[in-house]
Amino acid sequence: MCVVLGVGYVLVLRLAAAVASPNGGEAETVALDGKVVGAANVGQSFTDVRYFWGRPSAVDYNGGGSGGSNKGTANPEYLAEVEQRVQDFLTAHPYLSRDEVPSEMVTASGSGLDPDISPRGAQVQVSRVAAARGLDTAVVRRLVDSLTQGPWLGLFGTSKVNVLRLNVALDEMQPAGAPGQVERTTGTEGASESDSTLTK
């Protein structure tokens with residue numbers, strides 16, 4: 001009986017996911033030129049100046065397991081890590097003041113796999129990305145606006161921008177074969193760990 005109930009419970013959950021969740025309960029993948037480059041709901045590491053960056057990750061965006069640093073906000077090591085991230089972000093974005101650095105861009109999420117950033121987190125990176133790609137800042141800003149998702153039903157959650165979708169859209173704006181395109185992967189497994197880490 002326990003086996004029957006256990007299997008039945010799993011089947012009911014699987015059926016409910018297939019009916020009620022997006023994409024039939026399967027991972028929603030993102031493609032570029034017909035090839036899968038990652039899963040929309042699993043963050044990836046982007047470090048190249050030509051791309052928008054996501055939040056820091058305590059697990060280096062390892063899709064094999066999520067997690068945070070488990071360090072308290074008063075932990076000296078944690079404070080040193082955040083300070084270093086602030087300095088690195090300011091170095092890459094010299095037009096910002098310290099107070100203008102979004103906290104999300106220097107603090108890791110609880111899962112370490114967060115695929116989204118806030119519109120503010122994306123907008124502060126527009127000038128860097130535009131300059132690195134030779135694009136007009138207004139063009140890049142409009143792209144961010146077009147990919148900004150509002151709260152669900154206009155009430156629940158906050159506005160957000162999916163980093164992978166945004167970076168794929170950037171590559172789609174570039175001529176075919178342009179340098180700095182997102183690397184393709186043959187599947188979604190492991191994509192969050194290294195397939196779009198663009199430090200070469």
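How many helices and strands are there in the protein chain? The chain holds 7 helices and 5 strands, where helices (H or I, at least four residues) and strands (E, at least two) are DSSP runs numbered from the N terminus. The model is a predicted one, in which local features need pLDDT of at least 70 and side-chain atom pairs count only at pLDDT 80 or more, while totals for chains, interfaces and linings use all residues. Residues are numbered from 1 along each chain as its sequence is written, and side-chain values use heavy atoms, with hydrogens and water left out.

Along the sequence the elements follow the pattern α-β-β-α-β-α-α-α-β-β-α-α. Of the 200 residues in the protein chain, 36% are buried, a term that stands for under 20% relative accessible area, against over 50% for exposed and partly exposed in between (1.4 Å probe, protein chains only). Among contacts (heavy atoms within 4.5 Å) with a separation of 6 or more, 63% are between residues 24 or more positions apart.

Two helix pairs are described here. Two packed helices are described by the angle between their axes and the distance between the axes. Axes are lines fitted to C-alpha atoms, for helices over the stretch in contact, and angles run from 0 to 180 degrees between N-to-C directions. Helix α4 (residues 126-133) packs against helix α5 (residues 137-146) at an angle of about 125 degrees, and the two axes are 9 Å apart. α4 is therefore oblique to α5; angles under 35 degrees count as roughly parallel, over 145 as roughly antiparallel, 65 to 115 as roughly perpendicular and the rest as oblique. The crossing of α4 and α5 is right-handed, meaning that the near helix is turned clockwise from the far one by less than a right angle, with anticlockwise giving a left-handed crossing. In this contact V126, S127 and A130 of α4 meet T137, V140, R141 and V144 of α5. By class, the contact has 4 nonpolar, 2 polar and 1 charged residues; Ala, Val, Leu, Ile, Met, Phe, Trp, Tyr, Cys and Pro count as nonpolar, Asp, Glu, Lys and Arg as charged, and the others, Gly among them, as polar.

The axes of α5 and α6 come within 10 Å and cross at roughly 140 degrees, so these helices are also oblique to each other. The crossing of α5 past α6 is right-handed. V139, L143 and V144 of α5 meet L166, A169, L170 and M173 of α6, and this contact has 7 nonpolar, no polar and no charged residues.

Helix α6 (residues 163-173) is largely enclosed by the rest of the structure, because 8 of its 11 residues are buried. The buried residues in α6 are V163, L164, L166, N167, V168, A169, L170 and D171. The N-terminal end of α6 is capped by N162, with a side-chain oxygen 3.2 Å from the backbone nitrogen of L164.

The loop between β2 (35-39) and α2 (76-92) contains Y51, which is buried at a relative accessible area of 1%. The side chains of Y51 and D171 are joined by a polar contact of 2.9 Å, defined as a pair of N or O atoms within 3.5 Å; within protein, one must be able to donate a hydrogen and the other to accept it, and residues adjacent in sequence count only if both atoms are side-chain atoms. Y51 and L170 are 119 residues apart along the chain, and their C-alpha atoms are separated by 7.9 Å. D48 lies in the loop between β2 and α2 and counts as buried at 13% relative accessibility. The side chain of D48 makes a polar contact of 2.7 Å with the side chain of R50.
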